[in-house]
Amino acid sequence: MRIIRFAFPLLLLLAVLTFSLSWTDRLAPALLGWVGIHQFEIDLAGWDASEVRIGSLHLTLDHSSGPIAFKVTDAVCRYRILGLLQGKLEAVAAASVDIDLPLAIAAPGDSPGLVLLDLANLLEQLQLRNLPVQQVHLSRLLVHRGSTTDNKQVAFSVDLTTTENDRRLRIDSTAPNRPNPLTIHLQSTDEHYSGSLHYDLAGLSELLPQGKNSPAPLQGIVKAEIKADLRSAAKMPLHFACTVSALRHPLFSAEEVRLQLDSSQPLSTTALVLAPTSRLSLRNGQNQGVGVATLVADLSGQIVFDNNSFQIQLKPASPWTIEGVTFGAVRLAPVFFKNLSLHLQADRGQLQGDCTFATPLGRGTIKTDFNHRLTSDAKGNFSIQTDGPIQMGENSNLRELLATPDIALALHKGALTFSAQGHWQRTSPPELQTAIELIDGQGTLFEAPFSGLTLRQQLRILPLMESIRPGLVQLTEMQGPVPTKNFVMKMHLRPSPPGKGPNLFIEEAGAQLFHGSIGLENCAYEPNKPHEACQLHLDNLDLQPLMALQKIDGLTVSGRVQGQLPLQFSPQGMTIHQGKLENDAEGGIIRYQPAGSTVLDSPLTAYALKALEELHYHRLAALVDYLPDGTLTLGLQLQGKNPKLEAGRPVHLNITTEQNLLSLLKSLQYSYGLTSELDRTIRQQPSRQPAN
């Protein structure tokens, strides 16, 4: 900073000596080269004891990213001799200043990382005190990288005026055929200072460092204002507001991002205390398939800073709120982060932080941490996990996490643990994996109680979704219209072509129901091959409870069946074609004695109805077809005898029935839900004591 402070006086002194003394022609380049100035050329129009007039000035300044060239025309520098010796000028004016920046940036291995602003020094600089010049007027300031044309050139004008207790800076810009990309206004007194900024991010993109490791360009409009009251009794010592609208980047976008920082305590050189009115908000953000409609974050806390690092410590009184979160077609309900505690720390080389907050469902705490290197490799990692198991309770309904729930699932009990880890770097795609475990889960699914739910899953999400190890789903018992016990499924996900979703592979699955069992193994569902079938094995199913679900008046069936159903999965749903069922060796009895009106409406012949009044069958076979719309078609073959029909003559029947299975299940579910609700209501009624 001392070299910059004395640059003007040094240039003036050398200019005067070069103009006056011929022997300095050799001395000046050596002295200027010592401070990194080369190719120095000056056309000195004149000078006296109070000012130097320069017709033109050319020089090149050494910089780590490459040489910077300056061209100045029609400049006047006014001074006083005593002030000049102290490194101060009275005024500087120039008709034009042209600054040519290097085209490329330093190589990645030479990058020193991000140098963070010293906030205390920044607040001091905004007061425009102790400047090396009291007045500056630059009519036309041009800044560019390499050669440029006039129709793309952004021109700035700079005006600085300072008095003993009033300091003002104004920077304006003009650009051909587009809005002004940059405007800065600052005003400062001994007790107050204020400022405003208007910045079109795309308007000055050509001034950003260029190179293969340069960050992707940003688009958007930045508007900021700052007000500071330096009096010790001030009610609001600092107010800062910054809004970025129409933000665009190849990886993310937002309609608006707003940051507001308020301090209710006097400004300090070591810390900035943030009042409860400090806020961060976002509207309509998008990031690679993830969307956020609104985000509001209370920034109560403090910022602790020194020369080249800072810490943010937040413990807001109000919860952070995120609404309208979408993951593809899934839309979440509003999420509230309560009991939040956040700590961020940044220095020259990295940004790191940790955070804890209460879980949105159940009782527990989630903790996160991350680390990101502020160097050219841009390496980083993060983790999020439950701090011990989350205890699910009566109100832990997972539907509450979804804006439009498609599942009727509620967890009333269970211990849930969750974790996710990810890392990234500039030269490779990001990686993300997650693990979830639920033990001893109890709750309801479509109003049907279940117990003994165990869930384990460990997935790699990025760069491709796949299982790290096979997942497990276990369920001890599920009540309802179709009672089920000992359900077990082991499965894992396999990668698939982009845009098709992962492939599901079920190693084995099985359950006990209708006093028998069902199961399948080595079943693969691939979106690209939806017509491959999985064989579902049925073993020893009791027909009596199965047929009771049909609720056909006058029909009872005994016996057991087994068989195989080829399941085909597609985006439209499940299909069964030519599944086969048959009875066991013992056979069974069918008794069908419908009421009179039912007999008249029956498609069966009179002989078939008479035979089914008491059919002792030794063979029952069925061909099963099922369509995604719920249509179930059974082609039955029955062989047996009716002792009351023609002296027990053998009976052979071929019967085709059709029913909508989905409608039946919905009816059973509705009926069971009403019964469950009635039972709960009765249990909740206070018991009546008998009268004395």
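These are my notebook entries on a few features I looked up in this structure, which is a predicted model.

**Entry 1: the disulfide**

I started with the cysteines. How many disulfides does the model hold? The count comes to one. The bond joins Cys523 to Cys534, with an S to S distance of 1.9 Å. That sits inside the 2.5 Å cut-off for calling a disulfide. A quick reminder to myself: a disulfide is a covalent bond between the sulfur atoms of two cysteines.

Next I checked where the two partners sit. Cys523 lies in strand 33, which spans residues 516–525, and Cys534 lies in strand 34, residues 533–542. The partners are eleven residues apart.

Is the disulfide right-handed or left-handed? The torsion about the S-S bond of Cys523 and Cys534 is about 80°, so the disulfide is right-handed.

I then looked up how covered the two residues are. Cys523 has a relative accessible area of 3%, so I logged Cys523 as buried. Cys534 comes out at 4% and is buried as well.

Is Cys242 buried or exposed? Its relative accessible area is 18%, and because the cut-off for buried is under 20%, Cys242 counts as buried. Cys355 is at 10% relative accessibility, so Cys355 goes down as buried too.

I went through the backbone angles next. The peptide bond from Leu462 to Pro463 is cis, and its omega is near 5°. I found Pro463 in the loop that runs between strand 29 (448–462) and strand 30 (466–478).

For His515, phi is near 60°. His515 sits in the loop between strand 32 (503–513) and strand 33, and at a relative accessible area of 60% His515 is exposed.

The other is Asn522, with phi near 50°. Asn522 belongs to strand 33, the strand that also holds Cys523. Is Asn522 buried or exposed? With 55% relative accessibility, Asn522 is exposed, whereas Cys523 is buried.

**Entry 2: the nonpolar cores**

I turned to the interior. In soluble globular proteins, nonpolar side chains tend to be buried together. Which residues touch the most other members of the largest nonpolar core? They are Leu565, Leu612, Leu638 and Leu653, in a core of 53 residues. Strand 39, residues 615–626, gives this core its largest share, with six residues.

I listed the contacts of Leu565, leaving out residues up to four places away in sequence. Among them are Leu536, Leu538, Ile576, Leu581 and Val624.

Leu218 lies in the loop between strand 9 (192–200) and strand 10 (219–229), and its 33% relative accessibility makes it partly exposed.

**Entry 3: Thr386**

My last stop was Thr386, found in strand 25 (residues 380–386). Thr386 has 10% relative accessibility, so it counts as buried. Setting aside residues up to four places away in sequence, Thr386 touches Thr365, Ile366, Leu416, Thr417 and Phe418.

Notes
Residues numbered from 1 in each chain as written. Predicted model: local features only at pLDDT ≥ 70, side-chain atom pairs only at ≥ 80, totals over all residues. Heavy atoms only, no water. Helix = DSSP H or I, 4+ residues; strand = E, 2+ residues; numbered from the N terminus. Buried < 20%, exposed > 50% of the residue type's maximum accessible area, 1.4 Å probe, protein only. Core = buried A, V, L, I, M, F, W, Y, C linked by side-chain atoms within 4.5 Å. Contact = heavy atoms within 4.5 Å.
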